[in-house]
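Biologist: I am new to this structure. Could you take me through it, please?

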Amino acid sequence: MKAPKFHYIRAESVEQVLRLLAEHGDDARVLAGGQSLMPTLNMRLSQPKVLLDINRLDRLKGISFQNGNVKIGALTRHVQVMESPIIAKHLPLIAEAMPHVAHVAVRNRGTFGGSIALADPSAEMPACVLALGATMVLESVRGRRTVIADDYFKGLYETAREPDELLIEVLIPEEKKNYVSVFMELSRRHGDFAIAGIACHASIKKDVVADARLVYFGSEMRPVLAQRAIAAIKGKSCSDASKEAVCAALADDLDPMDNTFGSPATKLHLQRVLTRRALDKAVERARMQ
Amino acid sequence: MNLEETIQINLTVNGERVSRAVPVRQHLVDFLRIDLGLTGSHIGCEHGICGACSVRVDGAVVRGCLMLAAQADGAEVVTIEGLTESGEIADLQTSFVERNAFQCGYCTPGMLVTAAALLQQGKPATREEIRIFLSGNFCRCSGYHAIVDAVEATLNKRISR
């Protein structure tokens, strides 16, 4: 199918985008990499009056490291994140997740910020930024504000971003030396939408979990920080018994969607499978430190 | 809003400069096929799943259906026609024929454009890695085995050269 009619604006500055977002709000859509927006336009699931193309806004591009934080500009493409030595060094979780993001042609266009702004339930990057406790930087004509990941993902494609706000960048604290991270997902083919997935960031000393953030995605309406599962593993060794306790607790943390990818029961089962695998992998990585 | 909004774009397609006014909502592959007659890039799903419309934009393989022609202003676009003419993938194309790596041929241009990106990396790749690299391109006839064979054979030949 072909996209519906819209008014196309090739933005020249962030200020111009903010002005137009203030004017048009929800009637405008921001076109970044277009790897999710273009399909919805082509299928006419989205019919914005105004399409704001931000691809020439160089201010929103690039990756830098400052004061313990990695800053990823919203318009940085997935391929740049994937190939970045800064990401490889400071954010191994994201480096491990990135090859799972769709396919090469999509990673060449799709943007990091677009993924965070859209908050697709099966997307990898929202889960990673939640696991790593990142901060989203939003701007509007009303000013600049920051939202921590724990408060940012609200629901299915729903975030704390207001219709007049533009995601500018994401600030992600570097992974500390005594922490390990593990990213795993299950999909029908490589690069397909994840049916179940886990992003895990943990401090494990002598096989005992001192601290952990377990984030689940794919099965849920939004990435979920599994508080009860985390409580079940904190201070415990990663024995079979404590892994089972985590898996049992997951039933209270998760509320899997019922769709063509499987029933809620199937997805809970798959998330438990991933939990056991991810915890084993985390222990293995901690031992190698 | 009833009138079709257009925009002027200037770009390079297969090495030739092109200037056209295009509808702002027209995607790149429709522009290439309809306006320029470059029908080698195919249209399959038109929502970024099948990979039949893969083209090279500023050196990177992209989905032709997930980019507006308006966004290609200032870009260098190379289609399967350009890759064929330059001879860049002549060995890959020969390998596809030798191995019979297609039946209906609908996915073939997209497969070749994506495989060309893998070959450009100039690094060895296992069959599994080749499969992952091509995972965004659907083939509904061949079962993929022969395609992987053809890409693997070409890659190995180039590396041993």
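Modeller: Gladly. Please keep in mind that this is a predicted model. The domain assignment divides chain B into domain 1, residues 6-83, and domain 2, residues 87-160.

Biologist: How many residues does the contact take from each of those two domains?

Modeller: Domain 1 of chain B supplies 13 residues and domain 2 of chain B supplies 14 residues. The C-alpha centres of these two domains are 22 Å apart.

Biologist: Which elements give two or more residues to the domain 1 side?

Modeller: They are strand E3 (54-57) and helix H2 (80-86) of chain B. E3(B) gives the most, with three residues. By class, that side of domain 1 has seven nonpolar, five polar and one charged.

Biologist: Moving on to the chains, how many residues of chain B are in contact with chain A?

Modeller: There are 25 residues of chain B in contact with 25 residues of chain A. On the chain B side, strand E4 (60-63), helix H4 (108-121) and helix H5 (127-133) each give two or more residues.

Biologist: Which of these gives the most?

Modeller: E4(B) does, with four residues. The side of chain B that touches chain A divides into 13 nonpolar, eight polar and four charged residues.

Biologist: And the largest nonpolar core: which residues touch the most other members?

Modeller: That core has 145 residues, and those touching the most other members are A:Ile54, A:Cys128, A:Val129, A:Ala199, A:Cys200, A:Val215 and B:Val55.

Biologist: What does A:Val129 touch, not counting residues up to four places away in sequence?

Modeller: On that basis, A:Val129 touches A:Ile116, A:Ala134, A:Ala149, A:Val170 and A:Ile172.

Note on methods: Residues are numbered from 1 along each chain as its sequence is written. Chains are lettered from A and ligands numbered from 1 in the order in which they are written. This is a predicted model: local features need pLDDT of at least 70, side-chain atom pairs count only at pLDDT 80 or more; totals for chains, interfaces and linings use all residues. A nonpolar core is a set of buried Ala, Val, Leu, Ile, Met, Phe, Trp, Tyr and Cys residues joined through C-beta atoms within 7 Å. A residue is buried if 20 or more other C-beta atoms lie within 10 Å of its own, exposed if 12 or fewer, and partly exposed in between; C-beta atoms are placed from the backbone. Two residues are in contact if their C-beta atoms, placed from the backbone, lie within 7 Å. Domain bounds come from an automatic or database domain assignment. Ala, Val, Leu, Ile, Met, Phe, Trp, Tyr, Cys and Pro count as nonpolar, Asp, Glu, Lys and Arg as charged, and the others, Gly among them, as polar.
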